[in-house]
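Please look over the sequence and the structure shown here before reading on.

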Amino acid sequence: MSKSNTSSSWIAQFKPGDRVEVSSDDPGFRGSWFAGTVIRREAKNPNRYVVEYDQLYEDESGEKLLQETLDWIQLRPPPPPPEKKKKVQFKFGDEVEAFHSDGWWEGAITAEHSGGKFAVFFRGSKEQIVFEEKDLRLRREWVKGKWEPPFEQRSLEKTETRPSKVAKRESSSVSDAKTPENNSTNVGKGKKLSEPKADSNCPKEVMKFTQGMQVEVTTDDDGFKGAWFAATIIEPSGEDEYLIEYKTLTNDDDTEFLREDIRACNIRPCPPETIVVDGFKVMDEVDAYYNEGWWVGVIAKVLINCKYVVYFKETDEKITFKQADLRPHQDWLNGKWVVPSEV
């Protein structure tokens, strides 16, 4: 969702019977794509389509395939398979999509294992799962009728070595996709399945913070998922837990800044400032400053005077922002900042 050089006026066109992949708006499904077929185009709104999923059903009985009405921006054609003579060679740091729970989920390869297996880290759930090579594909963006980057750039076995963009993790912290807990074939059909979920506890290895450190804090509370708020570390308050003071949120009577005990895995350093010279483009993944915090979204439309319409998948909202209130989205992964659009 993060790379585009298209103009804001371009709109994808599909017709009944077209095979598509759908980016879901449902909570817990950010970064996933599910296969389906276009049934029809809405008469009143030609930018919306009725799509029938291949493997998702209306209920647990599995008798009737699920149909949904979706905006064009949520649809793309299935990426073409790699040429037989040009085998893709996955490597550490690659941005990929992994087939899991009947859909393709965006992640990054964080470790290479024997037997053609790779550990993939999912940012949304902060979990790693090991996949076989056949269940992976390189991540691509569908931009103005073309795949970016073009497939031929990474389709040969021998590719240019790029600097690693994510840090390796110990294999002991990786769960195997073929165990009963994670094997997608063991998951019942008939409903949408949530994103691969991590243990509710923090990882064993978390960053240590010091008193007075400027950080950003997130929470799993309803209505705040995907938002980061500026804060200051006050002191440790337990094992892998810190008392923090928000810099923009106040208590109920607005007399002082709010303080809370936060788990270390929900705290990160402030991201480095990134200067955007040429502005943002449609489908760029950004953080938007709204309601005292930074909320992850995607550029849906480019307006005049350095303004942008940002689409928030968690709430299915579109809001207009000035460029000064936006920043490129980055993820804090194993002690390094990762830009989703980098491959």
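## Surface and overall make-up

The chain exposes about 18300 Å², and carbon and sulfur atoms supply 48% of this area; accessible areas come from the Shrake-Rupley method with a 1.4 Å probe, and for residues only the protein chains shown count as cover. The model is predicted, so local features need pLDDT of at least 70 and side-chain atom pairs count only at pLDDT 80 or more, whereas totals for chains, interfaces and linings use all residues. Residues are numbered from 1 along each chain as its sequence is written, and side-chain values use heavy atoms, with hydrogens and water left out.

The secondary structure comprises zero helices and 25 strands. Both are DSSP runs numbered from the N terminus, with at least four residues (H or I) for a helix and at least two (E) for a strand. Among contacts (heavy atoms within 4.5 Å) between residues at least 6 apart in sequence, 56% join residues at least 24 apart.

## Nonpolar cores

A nonpolar core is a set of buried Ala, Val, Leu, Ile, Met, Phe, Trp, Tyr and Cys residues joined through side-chain atoms within 4.5 Å. The largest has 34 residues, and Val51, Phe90 and Leu136 have the most contacts inside it. Strand E3 (residues 48-57) gives the most to this core, with four residues. Not counting residues up to four places away in sequence, Val51 touches several residues, including Val20, Val38, Ile39, Leu66 and Leu75.

A second, separate core of 27 residues includes Ile233, Leu249, Cys265 and Val310.

## Strand E21 and its partners

Strand E21 (residues 307-312) is mostly covered, with five of its six residues buried. Strand E20 (residues 293-302) pairs with E21 in the antiparallel sense over four bridges, pairing being assigned if DSSP finds at least two bridges between two strands. Val298 stands opposite Tyr311 in E21. Four residues lie between the strands in the hairpin of E20 and E21, where Asn305 takes a positive phi near 60°.

Strand E22 (residues 317-322) runs antiparallel to E21 and is joined to it by six bridges. Lys307 has Lys322 in E22 as its bridge partner. The hairpin of E21 and E22 also has four residues between the strands, and there Asp316 takes a positive phi near 55°.

How values were computed. Buried means under 20% relative accessible area, exposed over 50%, partly exposed in between (1.4 Å probe, protein chains only).
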